[in-house]
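Subject: Structure handover

Hello,

Here is the structure we talked about. Please open it first, then read the notes below.

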Amino acid sequence: MELTVLNWIQTLRADWLDGVMVFLSAICDHGEVWIVLAAVLLSFRKNRRAGLTVALALVLDVIVCNGILKPLVGRVRPCVVHPAVELLVHCPTDASFPSGHTASSFAAVGALRASGSRLWLPGLALAVLIAFSRLYLYVHWLTDVLFGALLGWLLGYAARWLLRKAEELKR
């Protein structure tokens with residue numbers, strides 16, 4: 001079923017959309033867009049809590065997603081299973097599950113929401129587009145993306161919870 005979904009998404013391909021999807025994926029290749037956001041938020045006193053929460057959520061994401069789940073699950077990517085599809089990006093060599101781009105995006109958005117930042121809504125729109133780009137580019141399965149979104153969201157809230165606990169201990 002997942003291959004059917006990915007193949008259907010391939011029917012949406014258009015030259016202008018190809019460039020947009022490559023760009024959206026690239027701005028999050030290593031979580032760059034979210035790291036920059038965390039740094040900007042940390043630069044302003046009134047946004048430091050949100051910035052710290054985003055930063056911690058991204059650290060948790062790297063540990064859980066890339067350090068634990070990807071090596072543990074070891075799922076093969078769709079571009080390996082179905083190499084006949086013309087890719088717009090190189091086929092990544094690491095494991096597919098969960099989607100790191102999606103998990104980091106939703107970790108940042110979850111952290112923004114948990115921190116009470118109004119930036120969570122535009123962040124959510126960007127996170128959804130980044131997640132879709134991974135399907136469009138044929139480098140992730142639908143369940144990689146769905147689980148990545150759920151995992152990231154939970155890690156964003158976990159980061160806020162951990163920071164609250166740290167603040168309580170500090171008092």
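Rings of Phe, Tyr and Trp (its six-membered ring) pair if their centres lie within 6.5 Å; planes under 30 degrees apart count as stacked, over 60 as edge-to-face and the rest as tilted. By this rule there are four aromatic pairs.

Before the details, two notes on the source. This is a predicted model, where local features need pLDDT of at least 70 and side-chain atom pairs count only at pLDDT 80 or more, while totals for chains, interfaces and linings use all residues. Residues are numbered from 1 along each chain as its sequence is written, and side-chain values use heavy atoms, with hydrogens and water left out.

Aromatic pairs

One of the pairs is Phe132 with Tyr136, which is tilted, at 6.2 Å centre to centre and 50 degrees between the planes. Both residues sit in helix H7, four residues apart, about one turn of the helix. Helices here are DSSP runs (H or I, at least four residues), numbered from the N terminus. Burial goes by relative accessible area: buried is under 20%, exposed is over 50%, partly exposed is in between (1.4 Å probe, protein chains only). Phe132 is partly exposed because its relative accessibility is 26%. Tyr136 has 1%, so Tyr136 is buried.

Trp153 and Tyr157 make another pair. Their ring centres are 5.5 Å apart and their planes stand at 45 degrees, so this pair is tilted too. Both lie in helix H8, four residues apart, about one turn of the helix. Trp153 is partly exposed at 26%, and Tyr157 is partly exposed at 34%. Ring pairs also link Trp120, Trp153 and Tyr157 into a cluster.

Helix H7

H7 has 17 residues. From first C-alpha to last, H7 reaches 24 Å, close to the 24 Å expected at 1.5 Å a residue. The expected span is 1.5 Å times one less than the number of residues. The buried residues of H7 are Gly123, Ala127, Ile130, Ala131, Ser133, Arg134, Leu135 and Tyr136. What covers them includes H1, H2, H3, H6 and H8. Contact means heavy atoms within 4.5 Å. After H7 comes Tyr138, with a positive phi near 65 degrees.

The core

A nonpolar core is a set of buried Ala, Val, Leu, Ile, Met, Phe, Trp, Tyr and Cys residues joined through side-chain atoms within 4.5 Å. The largest one holds 40 residues, of which Met21, Trp34, Leu41, Val54 and Tyr136 touch the most other members. Helices H1 (2–10), H2, H3 (32–42), H4 (48–73), H6 (100–114), H7 (120–136) and H8 (142–170) each supply at least two of its residues.

Which residues does Met21 contact, leaving aside neighbours within four places in sequence? They are Phe132, Ser133, Tyr136 and Leu137.

Leu112 is found in helix H6. Leu112 counts as buried because its relative accessibility is 0%. Beyond its neighbours within four places, Leu112 is in contact with Leu37, Leu41, Val54, Ser117, Leu119 and Trp120.

Asp18

Asp18 belongs to helix H2 (residues 15–26). At 12% relative accessibility, Asp18 is buried. Its side chain makes a polar contact of 2.5 Å with that of Tyr136. A polar contact is a pair of N or O atoms within 3.5 Å; within protein, one must be able to donate a hydrogen and the other to accept it, and residues adjacent in sequence count only if both atoms are side-chain atoms. Outside the four places on either side in sequence, Asp18 is in contact with Arg13, Leu88 and Tyr136.

Cysteines

A disulfide is a pair of cysteine sulfur atoms within 2.5 Å. The count is one disulfide. Cys79 and Cys91 form it, with their sulfur atoms 2.0 Å apart. The link is right-handed, with 70 degrees about the S-S bond. Cys79 lies in helix H5 (residues 78–81) and Cys91 in the loop between H5 and H6, so the pair ties together parts twelve residues apart in sequence. Cys79 is buried at 7%, whereas Cys91 is partly exposed at 22%.

Cys65 is in no disulfide. Cys28 is buried at 1%, and Cys65 is buried at 0%.

Best wishes
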